[in-house]
Amino acid sequence: MEGFFRVRVSFGGSRSSYGRRIPVATTETQSRARARQYNASQVEAKWQKAWEEAQLAKTPDHSERPKWYALTMYPYPSGDLHIGHWYAMAPSDSAARFKRMCGYNVLFPMGFDAFGLPAENAAIQRNIHPHTWTMANIENMRKQMRSMGAMFDWDREVITCLPDYYQWNQWLFLQFMKAGLAYQAKAPVWWCPKCQTVLANEQVVEGECERCHSEVSRRDLTQWFFRITKYAEELLDFSKIDWPDRVVTMQTNWIGRSEGARVVFTSEQDDSIEVFTTRPDTLWGATFMVLAPEHPLVEKLTTDEQRDDVEAYVRQARRQTEIQRTNTENEKTGVFIGAHAVNPVNGERVPIWIADYVLMGYGTGAIMAVPAHDERDFEFARKFDLPVRVVIRPEDSDLSDETITEAYAGEGVMVNSAHFDGTPTADGEAVSQVIEWLDEQGRGSGEINYRFRDWLVSRQRYWGTPIPIIYCDSCGTVPVPEEDLPVVLPEDAEFKPTGESPLKTHEGFVNTICPSCGAAAKRETDTLDTFVDSSWYQYRFLNPHYVDGPVDPDKAAEWLPVDQYTGGIEHATMHLLYARFFAKAMRDIGLLTIDEPFTRLYNQGIILGEDNEKMSKSRGNVVDPDELVSEQGADVVRLYLMFIAPWDQGGPWNSRGISGIERFVRRAWAITDETADLPADDDVDPDVDLQLRKALNKAIQVVGDDIGDFEFNTMLARLMEFVNELYQLRERGATSSPAWRESLESLALMLAPSAPHLAEELWHRLGGEFSVHQQAWPSFDPGLTVEATVELAVQINGKVRDRLETAVDADEETVLAMAMASSRVQDGIGDKQVRKVIYVPGRILNIVVG
RNA sequence: GCCGAAGUGGCGGAAUGGCAGACGCGUCGGUCUCAAAAACCGAUGGCCGAAAGGUCGUGCGGGUUCGACUCCCGCCUUCGGCACCA
């Protein structure tokens, strides 16, 4: 196995203490001490083997126990398990293990998000087939994951690049088509003129082709879409899930719901020009119209004398990247097209312009411009000297067309708006009245618009799921019949340096016959976005070899939804929104009975390099988990990652800080090893005995609470405190107490979720039955977790002057009398009057004087 | 520009209305050792003080409260998301 790991140059400044100890001559006592030292690599290998033999990680499909489906986002098989993978997976594993000890039948599967561009790049650069490259990486990463000691049930592994998985992508695609959820439309793609190929967004770097640095441009291509916008309203409803607020906010903003009205303007040539506005109450202030440069009416409406200017502007707009074009810092540009339109509310004639600040992809691609009440329109009007008319007047103001210096977007009353004059805008009053009136008049209607678009799933790549479609000259677009699935990726693909998909030129793949008429036909050569794979993989784990559909309905009824999902925040709007869409679509097709895929979500943070920068090979600040595991052991790495900071916060790696965890592991081992065989007897000091039992019961309570809440850093602090207490109590004879052994056993149990190997070894040393991971989480006596007496702080005017030992439930009279007897309190009061006394039992006594 | 999160010792962090700095790193002192490492014990926010103790202190400025790291208002800084979305 060692041969598989590359030999690495060790990174600076972090040499472990083990390394320095070796060449030193040993004395007899030292070698005896060494023999009793905890040997992580030996212990870890031993137990990993035992667990695998006993199939401890295997989750039964059915159980008397309540189910708990814990899932952490599956990785892309990039080749090596990064410390970031450890940071995501190890604490997730600890939480899942804790649930299992709490009595749940826990499912915690793992797989690989195996399609994607890097495999194709490897094929081009190193002449390795994507399949070979991907599967070798998976093999390696599986081994690395085993070294973590996680309880992944590998029998359920899902690998998305295998036909066993991706045929169900194709099957789902066909069901989506039938349900009207998949459709074709033209959409722009990036095109590299030199490579003669389509580029993915990430292959376009600052407007240039990543490979040849030619300037890229946009091209319209017919592509496949999933109708996610159909579920916009349901996707805005988060009432059935318990997710972090920031993710809910991000998705809500991403969906971008806005309420308003669709209003029909008319050109002088009698074309309807529809606009969307959230402020129909400002319709009377529209002094011009603006169309997107790509708007279909631009060509028709442009007058001959304006044509040259308009065409030049359109050409220039098309060349710009989305980023250039939507930069808010840009000064407004635009061209008058020579035509006019009629405002439906007052019959006024307004000029029509085109400008790139109006986007074809949102609303109708045309706006009514109300410069007095919209910042962008105001800027445009000032630049091109267009009229500004105030139609909302703020209270106590004489804002007018002449005095206005910036757009006013606030509340007020309608003015210059015919019979609506005087209508207040507050609480949407004016908007709803105007919409009602527009509707009656047939000049417009209420409408809701969304910022997000349908999901473009076509990718012009090889290493993905072939879209199961055939194009026939006579029958058109024909879905591949379900019985012909899967459409398999050809293995003998030829990868060109340009990155062009080998499918396009693969005769054997492209040429086929039409399933409906039998004539010669061509296959679709686009493949599906890999986000399709990850939108439903959580269901496939339940029965990855199920042959009658993507999801085994019996298992789904048993296990879904996922109870706890963990993963990076970077997936807040894409993966997590797509997965929610898939749950709803699959439900409506009859494949699922759930509304939401993941009930609870937790986002861990990011581990940075020691220099507080993102880890990257070029910076040389990458922390290699394999190296750490071989030096310090997997448990130390797991524990240290949990100890660094709150899990959702992440933070910089610190190679010195890890020694605290090493020390803790050694101390936990040493106290167990050194005292496990000491007999209990009766001569223990009752006070020491009580202290020991209190320490134990408090630890069980707090550690359990913390791990259940993903507060791993404080959980470890409590465990450290408990071990420190054991050391102190040992000095006072506590090992004679019957509670001593119970304490050692509980320590092993409390360590089991987080340091699975160490815990097993401790358990074994204590003579416990294999395995510690099949034991229940220890219970605690609530009576022993509360103290009878506390040290109460006594304040004078909010400043602590003395501390009193009092009963927790002592009454105010008693406590005040004790406080008044204190000379320090008397000094604090001096000759001042006691004005007020605040007593919070067990917390504080504050005497207010003045 | 808008939305969100965060700002606490030399460092990572703890405390979400009640004794700021738990736990850990580091540093200093001690025990053991020929010596070192490891281990163990102790100290460790700043300032004043021999000490007892005092005093200041949770990004900045206000406020609420008997009491604020914590709640409210205004700012500054950092990070993340969205960004001409009509």
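Surface patches are made of residues with over 30% relative accessible area and no salt bridge, with like charges joined within 9 Å and nonpolar side chains (Val, Leu, Ile, Met, Phe, Trp, Tyr) joined within 5 Å. A salt bridge is a side-chain nitrogen of Lys or Arg within 4 Å of a carboxyl oxygen of Asp or Glu. Lys and Arg count as positive and Asp and Glu as negative, while His and the chain ends are not counted. Each charge is placed at NZ of Lys, CZ of Arg, CG of Asp or CD of Glu. Accessible areas come from the Shrake-Rupley method with a 1.4 Å probe, and for residues only the protein chains shown count as cover.

The model is predicted: local features need pLDDT of at least 70 and side-chain atom pairs count only at pLDDT 80 or more, whereas totals for chains, interfaces and linings use all residues. Residues are numbered from 1 along each chain as its sequence is written, chains are lettered from A and ligands numbered from 1 in the order in which they are written, and side-chain values use heavy atoms, with hydrogens and water left out.

The C-alpha atoms of chain A fill a box of roughly 105 × 90 × 50 Å along the principal axes. Of the 850 residues in chain A, 52% are buried (under 20% relative accessible area; exposed means over 50%, and partly exposed lies in between, with a 1.4 Å probe and protein chains only). Chain A contains 28 helices and 32 strands, which are DSSP runs numbered from the N terminus (helices H or I, at least four residues; strands E, at least two).

Chain A is divided into domain 1 (170–244 + 455–531), domain 2 (257–450) and domain 3 (789–849), with bounds from an automatic or database domain assignment. The centres of domain 2 and domain 3, taken over C-alpha atoms, are 69 Å apart. Leu816 is partly exposed, its relative accessible area being 21%.

Lys799, Arg801, Arg803, Arg824 and Lys832 form a positive surface patch. Strand β30 (residues 799–807) supplies the largest share of this patch, three residues. Lys799 belongs to strand β30 and is exposed at a relative accessible area of 53%.

A negative surface patch consists of Glu299, Asp308, Asp309 and Glu311. Its largest share, three residues, comes from helix α11 (residues 307–319). Glu299 lies in helix α10 (residues 297–301) and counts as exposed, with 60% relative accessibility.
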